[in-house]
Amino acid sequence: MKSKILIAALFVAVTGTSSDAFSGEGHNHGDEGAAVANMNGPSRQPDGSVFLPKPAQRQIAVRTIVAKTDALPRTYALAGRVVMDPNSGGKVQALVEGRIEAGPGGLPVLGQSVKKGDVLAYVVPSADPIERSNQLAQLAELKAAMSLAAKRLARLRDLSDTVPRKEIEAAESELASLTARVKAVGGGLGSRDALVSPVSGAIALSNAVAGQVVDARELVFEIVDPRRMLVEAMAYDTDLASDISGASITAGNSRVPLEFIGAARRLREQALPLSFVATGEALERLAVGQPLEVYVQTRSTVTGIRVPAASVLKNPANQAIVWVKTAPERFEPRTVTVAPLDGLTVAVTSGLAAGERVATGAATLINQIR
């Protein structure tokens with residue numbers, strides 16, 4: 001028993017001692033030990049494959065999936081952009097030329113939530129000085145005539161026993177008319193145009209500053225519902241509109257499905273606009289006017305293997321490759337041809353066989369090993 005313990009201790013002492021302890025003076029071999037140690041680390045092999053030990057795989061979180069051949073929808077990646085849904089968004093424009101004044105809660109800022117019917121700001125109409133003077137003069141004349149009509153009506157009522165009823169009714173009608181005209185002219189001089197929110201949502205555009213002078217029909221605010229917007233894609237193949245089975249976009253790491261609404265009946269810049277509606281919380285990452293790729297799936301299919309888009313990389317020759325795990329600690333690059341699917345995954349149509357294990361997680365790190 002003691003001999004076994006002694007042998008074990010000697011083994012530990014020998015293996016834990018530096019190689020320099022066994023070298024005489026002037027016989028230190030420098031980096032030979034480091035070179036031996038590097039043989040057990042991640043490295044690129046002469047044939048282009050990568051040797052990656054198990055500890056290193058766990059450290060960089062390597063994940064693989066088994067390739068499976070399937071019939072996948074033929075997909076086209078179209079250029080698109082986010083547009084405002086006219087049923088859930090709106091624009092606030094000035095009806096008259098004038099000066100901006102803050103509303104009851106102050107001027108709204110970008111991103112602020114508003115409700116339908118909220119007064120966002122006021123526009124105080126600006127009038128020509130001569131025109132305003134004429135209105136004030138007209139108001140003074142109307143007030144004087146109203147005062148005389150009120151006195152005349154009072155006298156006629158005092159003589160109601162001797163004055164015909166029709167004269168009293170005529171005086172009452174004249175006084176009511178003058179009162180309404182005074183109210184209309186006076187209200188026009190001191191009125192403000194209220195800019196009211198037409199829908200509930202968030203402020204997407206604000207051109208309002210206190211004291212700013214705006215023209216009639218000038219856009220002051222734009223309001224959108226961040227959870228309901230439209231996506232417009234441009235198709236250069238007009239036959240595509242009759243073969244659409246679904247569509248999607250990507251917002252960060254999320255896939256947002258789209259519902260096809262319809263296609264325009266007029267070309268725009270030699271392309272056919274396609275309209276899709278999108279809903280969901282993931283849309284809050286998008287902004288109106290933002291360009292994006294729209295992945296349109298058709299009813300026709302293509303045979304391929306679905307893999308994450310992050311698994312497809314580029315080699316020094318700028319070819320699309322994936323890394324295939326051929327042994328527990330060995331990965332080989334495979335040149336492949338791919339087709340789009342939904343933005344998060346792609347279809348490998350050639351270069352990969354069913355049953356092979358494709359690196360997904362940390363594929364970029366594997367590609368960087370030299």
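**Entry 1**

The phi of Ala 61 is near 60°, a positive value in a residue other than glycine, and I located Ala 61 in the loop between helix H3 (54-59) and strand E3 (64-66). Helices (H or I, at least four residues) and strands (E, at least two) are DSSP runs numbered from the N terminus.

I noted for myself that this is a predicted model, in which local features need pLDDT of at least 70 and side-chain atom pairs count only at pLDDT 80 or more, while totals for chains, interfaces and linings use all residues. Residues are numbered from 1 along each chain as its sequence is written, and side-chain values use heavy atoms, with hydrogens and water left out.

I then looked up Asn 318, which is not a glycine either but has a positive phi of about 65°. Asn 318 lies in the loop between strand E18 (313-314) and strand E19 (320-327), and with 57% relative accessibility it counts as exposed.

**Entry 2: the chain as a whole**

I recorded 6 helices and 23 strands in the protein chain, and buried residues make up 33% of its 370 residues. Of the contacts (heavy atoms within 4.5 Å) with a separation of 6 or more, 73% come from residues 24 or more positions apart. The chain exposes about 22200 Å², of which carbon and sulfur atoms supply 54%; the area comes from the Shrake-Rupley method with a 1.4 Å probe.

**Entry 3: strand E14 and its partners**

I turned to strand E14 (residues 244-251), where 6 of the 8 residues are buried, so the strand is largely enclosed by the rest of the structure. E14 pairs with strand E15 (residues 254-263) in the antiparallel sense over 5 bridges, and with strand E17 (residues 291-308), also antiparallel, over 4 bridges; two strands pair if DSSP finds at least two bridges between them. Ser 248 has Pro 257 as its bridge partner in E15 and Tyr 295 as its bridge partner in E17. The hairpin of E14 and E15 has 2 residues between the strands, and there Gly 252 takes a positive phi near 70°.

**Entry 4: rings**

I searched the whole structure for aromatic pairs and found 1, taking rings of Phe, Tyr and Trp (its six-membered ring) as paired if their centres lie within 6.5 Å, with planes under 30 degrees apart counted as stacked, over 60 as edge-to-face and the rest as tilted. The rings of Phe 260 and Phe 276 have centres 5.3 Å apart and planes at 50°, so the pair is tilted. The pair links distant parts of the chain, with Phe 260 in strand E15 and Phe 276 in strand E16 (residues 272-279), 16 residues apart. Phe 276 is buried at a relative accessible area of 0%, whereas Phe 260, at 29% relative accessibility, is partly exposed.

I also found the charged end of Arg 192 over the ring of Tyr 122, 3.8 Å from its centre; the criterion is NZ of Lys or CZ of Arg within 6 Å of the ring centre and within 35 degrees of the ring normal.

**Entry 5: an open sheet**

I traced an open sheet of 4 strands in the order E9-E8-E6-E11, with antiparallel pairing. Strand E9 (193-196) and strand E11 (213-214) stand at the edges with a single partner strand each, so one side of each is left without a neighbour in the sheet. Strand E6 (residues 98-102) and strand E8 (residues 119-125) run antiparallel and are joined by 5 bridges, and Ile 100 stands opposite Val 123 in E8.

Definitions and conventions: Buried < 20%, exposed > 50% of the residue type's maximum accessible area, 1.4 Å probe, protein only.
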